[in-house]
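Subject: Structure handover

Hello,

Here is the structure I promised you. Please open it and keep it beside this email as you read.

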Amino acid sequence: MPAFDTDPNEGETYGVLPVWLFKDADGQVRSIIAPSVTWNEIRGVTGTFRYYLYASALERLEIIASYSEHIDRELKLQYKNLDVFGGRFHADVQLLHQRVSSVRFFGIGPSSKKEDESNMTLETTGVYALFGVNITRTMRLSLGETLQRFEVERGGVPDLPFTGDLFPDLPGVQGATIHAQRVALIYDSRNSLTTPTEGFFLSLFGEASTELLGSDADYLKAGVEAIWLQPFFDRRLIFVARGLFEGTSGDSNTPFEVLPTLGSVDTLRGFGENRFYGDARLLLNAEIRAKVLKMKVFGVDAEFEVAPFVDFGKVFNSAEQFMDTRFEVTPGLGLRGLAPPSVVGHIEIAYSREGPAIYVGLDYPF
């Protein structure tokens, strides 16, 4: 099948994306192989291999390997299981090495200007491990460990200045190592992790980094996230609302790579990834997921839905700045294809004051 994407940071991407679906005796998709060959003006030709294993509704494995003609690389291995030892525990482990040459930076705070746009290649190498206990059927406590190394080099967009030249005093622009610990208390009554149609999700989380444990910065990060799903008309319409607040308190050398951000498919869908950086962020999303078609696709039960949405959000560095700056608003339309209970593919078409954006990927944005 053809592959097309247009991103505020990366521009237009064209290519081919063959997809193989493997199902079990009940007709449910258990694994997907989806290699692709694409062309992009910044990256050149890119070959990507993707493998997804859905062992159950609570257990999945994801492998992605990508190599581009110019600069970009990705190797990702993630295993997630919420049903460890008969449901008593849960685990989420990820290994990541990634080089992205189209990263943009505009400054810190809500008033960062389009004319200050700069470009860099951001290389991230990290290990992310989370383990926790399932206290009840709907509540769990998670403890996480993160070790990341960030490197910043000249980017792949020739007509933009290098971030290191335009913002030479930006903490983290010379690279940074972060070793952080994370704790989260989660309540989750949704009826599915991947294709939910009702329920409530609430997460209270905190993160700490200290130089005593090998990190390059001392900081504290905390926040709360809530998602509510309410079905109507025999689940043909699903109203979904999400709220997120996150704040960081740290010393002056806290690298920009760990600050709260807004922009991209899972926050403000009309802006490029990490368009806004700040010490804190507030985000509100709302959408209506309307099922429009059910049919068999290559022997798999599939559903299709449209989802008009609107996103509101802002970053800020102080209470005064929060009061004096406006919210960014990005309305749009989502197109989704589902193979319940494990697979969601989506296209998000959004518009912001800086123009349109289209994102393509797997899983719901939230």
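Arg-235 is found in the loop between strand 14 (219–232) and strand 15 (237–250). Strands here are DSSP runs of E with at least two residues, helices are runs of H or I with at least four residues, and both are numbered from the N terminus. This is a predicted model, in which local features need pLDDT of at least 70 and side-chain atom pairs count only at pLDDT 80 or more, while totals for chains, interfaces and linings use all residues. Residues are numbered from 1 along each chain as its sequence is written, and side-chain values use heavy atoms, with hydrogens and water left out.

Back to Arg-235. Its phi is positive, about 70°, although it is not a glycine. Most residues other than glycine have a negative phi. Arg-235 counts as partly exposed because its relative accessibility is 34%. The cut-offs are under 20% relative accessible area for buried and over 50% for exposed, with partly exposed in between (1.4 Å probe, protein chains only).

Phe-85 also deserves a look. It has a positive phi of about 50° and is not a glycine. Find it in the loop between strand 8 and strand 9. Phe-85 counts as exposed, because its relative accessibility is 60%.

Most peptide bonds are trans. Pro-341 lies in the loop between strand 20 (328–339) and strand 21 (343–352).

Next, Thr-197. It sits in the loop between strand 12 (176–188) and strand 13 (199–209). Thr-197 is buried, because its relative accessible area is 12%. Its side chain makes a polar contact of 2.7 Å with that of Asn-191. Another, of 3.0 Å, joins the side chains of Thr-197 and Arg-235. A polar contact is a pair of N or O atoms within 3.5 Å; within protein, one must be able to donate a hydrogen and the other to accept it, and residues adjacent in sequence count only if both atoms are side-chain atoms.

Arg-190 is also in the loop between strand 12 and strand 13. A polar contact of 2.9 Å links its side chain to that of Asp-188.

Glu-59 lies in strand 7 (residues 59–68). Its side chain makes a polar contact of 2.6 Å with the side chain of Tyr-79. Glu-59 and Ser-118 are 59 residues apart in sequence and 40 Å apart in space, C-alpha to C-alpha.

Which residues have the most contacts inside the largest nonpolar core? They are Phe-105, Met-120, Val-152, Leu-170, Ile-178, Tyr-219 and Phe-256, in a core of 19 residues. Strand 9 (89–105), strand 10 (118–134), strand 11 and strand 12 each give two or more residues to this core. Strand 9 gives the most, with three. A second, separate core of 16 residues includes Phe-205, Leu-262, Phe-276 and Leu-283. A nonpolar core is a set of buried Ala, Val, Leu, Ile, Met, Phe, Trp, Tyr and Cys residues joined through side-chain atoms within 4.5 Å.

Last, Ile-178 again. Leaving out residues up to four places away in sequence, Ile-178 touches Tyr-219 and Val-258, among others. Contact means heavy atoms within 4.5 Å.

Best wishes
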